[in-house]
Amino acid sequence: MPTPFVRAVIRDTELPPFDPLNRRAAELRAQGHHVISLGQAVPFFPPPASAVSAAREAVGTPAVNVYATDPGLPSLRAALADRLTAAVGSTVTAADLLITAGANHAFTLVVTTLVDPGDEVILPAPYFTNHQMAIAAAGATPIEAPVADRSTFAVRWGDIEPHLTARTKAVVLCNPSNPTGAPVDRADGERIVSELARRDVLVVSDETYMQLVFEGAHWSAAAPAEWRRNVVVIGTFSKSFGMMGWRVGFVLADASLCEQAVKVQDAMIICAPVISQVAAEAAVRDDWNYPLSFHGDFRRRRRIVQEGLGRIRRLAWTPTRGGLFAFTRVEGCDDSTALSNALLDQAHVVTIPGAAFGQAGEGYLRLSYGYATPDDLAEATRRLAQFFTD
Ligand SMILES: Cc1ncc(COP(=O)(O)O)c(C=O)c1O
């Protein structure tokens with residue numbers, strides 16, 4: 001029975017399917033089945049040694065037992081500003097950064113700071129489920145803007161423009177995208193940022209996978225010289241550095257916006273976990289190129305999935321340049337949730353139904369190749385082949 005105290009906007013939102021699928025996978029494993037998960041949006045590698053030893057050294061010291069300043073450790077912000085200046089291609093200062101408890105927290109912090117109830121926020125779709133939820137929870141209206149290019153899922157200005165209204169406050173980019181893996185190409189991104197700047201509309205660009213673009217360069221929404229006018233970038237240590245559980249990420253925005261957002265930061269969490277900030281700083285200083293060292297592994301994993309899916313007539317997927325995902329069309333599928341459940345029960349493979357990422361995702365499955373071993377990836381595609389030919 002839903003409690004009457006819970007706001008309707010929360011009650012009316014369906015729980016993402018991740019937990020029920022993981023619970024069912026755990027039951028099947030307990031029965032002795034070899035379940036392969038292509039569900040988790042996580043990389044296979046642990047944090048760099050520099051981060052782990054910095055945390056080990058810090059754990060007995062008083063500094064990690066007390067609050068840090070709200071925006072984050074000054075030394076981490078300074079080191080990260082230097083790295084991002086080189087990575088993004090625009091000057092970033094420590095004052096343009098807020099350290100958060102991961103990218104999801106960064107996004108919620110930004111939305112809470114910027115969006116009023118009644119505002120509309122455009123989400124190119126398929127979208128990242130948590131973006132939709134954060135916008136709805138803030139009392140704003142998420143507007144699903146289906147991406148027209150169903151082969152590459154590249155987001156273009158033409159996908160966004162028809163959805164602009166007088167109430168549009170922001171457009172969310174997810175670059176590279178969860179769930180599609182599609183990066184935003186430079187020319188498209190520059191056009192989107194400049195057209196929206198002319199209309200005084202914000203761009204909130206979630207670049208969680210910025211260091212996991214393993215072909216070509218990553219284009220950041222903070223790259224254009226005038227980015228400070230309307231761009232906020234979100235980043236995290238979760239995926240690039242295998243630090244999901246450490247809960248540390250960041251907001252990159254003009255210092256004037258950070259000064260306002262820090263009020264919400266103080267109300268929400270005061271500061272990101274200090275020991276995690278210490279670890280993140282070591283990663284930034286000593287191992288900034290750590291994620292790069294895994295690009296070859298990701299290309300190999302992507303090839304295994306590409307070859308495996310390529311043998312299944314009902315599945316169609318165009319590989320992307322980065323991210324961790326294959327977002328595959330399933331011919332004849334109009335209920336991806338039922339399909340995903342059947343795949344788990346019959347083939348013992350966890351996949352995420354495309355419908356979890358908006359209406360535009362129905363008829364698709366998201367397969368993550370970030371975590372399973374290459375052998376398990378090959379085995380999973382064999383099981384899918386059998387499932388779809390039975
Ligand atoms: C696009 C995107 N943003 C944010 C997150 C959450 O990351 P974090 O662990 O930093 O909160 C994820 C995790 O899957 C993601 O894919």
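User: How many residues of domain 1 are in contact with domain 2?

Analyst: In this predicted model, 28 residues of domain 1 are in contact with 30 residues of domain 2, where a contact means that the two C-beta atoms, placed from the backbone, lie within 7 Å. Local features need pLDDT of at least 70 and side-chain atom pairs count only at pLDDT 80 or more, while totals for chains, interfaces and linings use all residues. Residues are numbered from 1 along each chain as its sequence is written.

User: Which elements supply the side of domain 1 that touches domain 2?

Analyst: Helix H1 (8-11), H11 and E10 each supply at least two residues of that side, and the largest share, three residues, comes from H11. Helices (H or I, at least four residues) and strands (E, at least two) are DSSP runs, numbered from the N terminus.

User: And where do the domains run?

Analyst: Domain 1 is given as 8-46 + 292-389 and domain 2 as 49-286, with bounds that come from an automatic or database domain assignment. The C-alpha centres of domain 1 and domain 2 lie 25 Å apart.

User: Back to H11, which of its residues are buried?

Analyst: The buried residues of H11 are Phe-298, Arg-301, Arg-302, Val-305, Gly-308 and Leu-309; buried means that 20 or more other C-beta atoms lie within 10 Å of the residue's own, exposed means 12 or fewer, and partly exposed is in between, with C-beta atoms placed from the backbone.

User: What covers the buried residues?

Analyst: The cover of the buried residues of H11 includes strand E9 (315-316), strand E10 (325-330), strand E13 (364-368) and helix H13 (374-389).

User: Those strands, in what order do they sit in the sheet?

Analyst: The order is E9-E10-E13-E12, in an open sheet of four strands with antiparallel pairing, and two strands count as paired if DSSP finds at least two bridges between them. E9 and strand E12 (352-353) stand at the edges with a single partner strand each, so one side of each is left without a neighbour in the sheet. Between E10 and E13 the antiparallel pairing extends over five bridges, and Phe-327 stands opposite Arg-366 in E13.

User: Switching to E3 and E4, parallel or antiparallel?

Analyst: Strand E3 (residues 120-125) and strand E4 (residues 141-146) pair in the parallel sense over six bridges, with Ile-122 opposite Ile-143 in E4. Together with helix H6 (residues 129-137), E3 and E4 make a right-handed β-α-β unit, right-handed meaning that, with the strands pointing away from the viewer, the path from the first strand over the helix to the second runs clockwise.

User: What about H3, which residues are buried there?

Analyst: In helix H3 (residues 49-58), Ala-51, Ala-54 and Ala-55 are buried, and seen down the axis of H3 they fall within an arc of 100°, so they line one face of the helix. The buried residues of H3 pack against helix H10 (274-286), whereas the face turned away from the buried side carries the exposed residues Arg-56 and Glu-57.

User: Last one: is Leu-109 buried or exposed?

Analyst: Leu-109, found in helix H5 (residues 103-114), is buried, with 25 other C-beta atoms within 10 Å. Not counting residues up to four places away in sequence, Leu-109 touches Thr-100, Val-251, Ala-261, Val-264, Gln-265 and Met-268.

Key. The arc is that of the directions from the helix axis to the C-beta atoms.
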